Amino acid sequence: MNTIIIGIAGGTGSGKSTFTNKLKAFFQDDVAVLYHDNYYKAQDELEFEERKKVNYDHPDAFETELLLEQLTQLKEGKAIECPVYDYTQHNRSKDVVVVEPKRVILLEGILVLADPKLRDLLDIKIFVEADADERILRRVIRDVKERGRDIEGVVEQYLTTVKPMHYLYVEPTRPMADIVINSGMNEVAFQVVRNHIEKILKDTDL
């Protein structure tokens, strides 16, 4: 099976998850989805208050080597046990999710274009961008409603790590993308990517 891996990157709150999940909802079990966030390193040796202070927007926060290994296994037609990250605990959980190999794999995360080895595995590279004000507002809403964070903590994290890391590591990957989308809700971009995936799924010679 000739696996095609599509990387979907962009800053926090840019809409990359919205775009990824929309593709997943359309194709359902015909595609597999991996989230770079699930590959945050385990922080079992740290207390909760210490884990809260970790810079999760730096490339070193991720166990990217494990992601590379598991992507390779999927390309070889092998199922993987994907780690699961618990945002409420700022730590990797004990759970895993079995991901079966598929013809098309969607890989979503802020830094999926930043690592050269990871970037080399991607057949299609997409960068989703949005206005900085929109991104912080979406981040606050998401972290408070979905991840059990308090507003003060979200704002402090954004100002101390998220924002500076965005300009250091995320924004510089924009020129590396094959496609730049100005919103995760961009219907024209969705149609273009959807049509391309449909062609891949139908064309067994690719």
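Trainee: Over how many bridges do strand β1 and strand β5 pair, and in which sense?
Mentor: Strand β1 (residues 4-10) and strand β5 (residues 104-108) are joined by five bridges in the parallel sense. Two strands count as paired if DSSP finds at least two bridges between them, and the elements themselves are DSSP runs numbered from the N terminus, with helices being H or I over at least four residues and strands being E over at least two. Before we go on, this is a predicted model, in which local features need pLDDT of at least 70 and side-chain atom pairs count only at pLDDT 80 or more, while totals for chains, interfaces and linings use all residues. Residues are numbered from 1 along each chain as its sequence is written, and side-chain values use heavy atoms, with hydrogens and water left out.

Trainee: Which residues in β5 are the bridge partners of Ile5 and Gly7?
Mentor: Ile5 has Ile105 as its bridge partner in β5, and Gly7 has Leu107.

Trainee: And what about β1 and strand β6?
Mentor: β1 also pairs with β6 (residues 124-128) in the parallel sense, over five bridges, and there Ala9 has Phe127 as its partner.

Trainee: So what is the strand order of the whole sheet?
Mentor: The sheet is open and has five strands in the order β2-β5-β1-β6-β7, with parallel pairing. β2 (31-35) and β7 (179-181) are at the edges with a single partner strand each, so one side of each has no neighbour in the sheet. From one strand to the next the twist averages 20 degrees.

Trainee: Is β1 buried or exposed?
Mentor: Seven of the seven residues of β1 are buried, so this strand is largely enclosed by the rest of the structure. Buried means under 20% relative accessible area, exposed means over 50%, and partly exposed is in between, using a 1.4 Å probe and protein chains only. Both faces of β1 are covered, with Ile4, Ile6, Ile8 and Gly10 buried on one side and Ile5, Gly7 and Ala9 buried on the other.

Trainee: Which strands does helix α3 lie across?
Mentor: Helix α3 (residues 64-75) lies across β1, β2 and β5, and runs at about 165 degrees to β5. Such angles run from 0 to 180 degrees between N-to-C directions, with axes as lines fitted to C-alpha atoms, for helices over the stretch in contact, and contact means heavy atoms within 4.5 Å.

Trainee: New topic: where is the kink in α6 centred?
Mentor: The kink in α6 is centred on Tyr158 and comes to about 50 degrees, where the bend at a residue is the angle between axes fitted to the seven residues ending there and the seven starting there. Helix α6 (residues 151-170) has 20 residues, yet its end C-alpha atoms are only 23 Å apart, short of the 28 Å that a straight helix would reach; the expected span is 1.5 Å times one less than the number of residues. Among the buried residues of α6 are Gln157, Tyr158 and Thr161.

Trainee: How many aromatic pairs are there?
Mentor: The count comes to eight aromatic pairs, taking rings of Phe, Tyr and Trp (its six-membered ring) whose centres lie within 6.5 Å, with planes under 30 degrees apart called stacked, over 60 edge-to-face and the rest tilted. The rings of Phe26 and Phe190 have centres 6.3 Å apart and planes at 85 degrees, so this pair is edge-to-face. The pair links distant parts of the chain, since Phe26 is in helix α1 and Phe190 in helix α7 (residues 187-202), 164 residues apart. Phe26 is partly exposed at 39% relative accessible area, whereas Phe190 is buried at 4%.

Trainee: What does Phe19 touch?
Mentor: Not counting residues up to four places away in sequence, Phe19 touches Ile8, Ile126, Ile181, Gly184, Asn186, Ala189, Phe190 and Val193. Phe19 is placed in helix α1 and is buried, at 0% relative accessible area.

Trainee: Last one: where is His90, and is His90 buried or exposed?
Mentor: His90 is in the loop between β3 (80-86) and β4 (91-99), and counts as buried at 6% relative accessibility. His90 also has a positive phi of about 55 degrees, although this residue is not a glycine.
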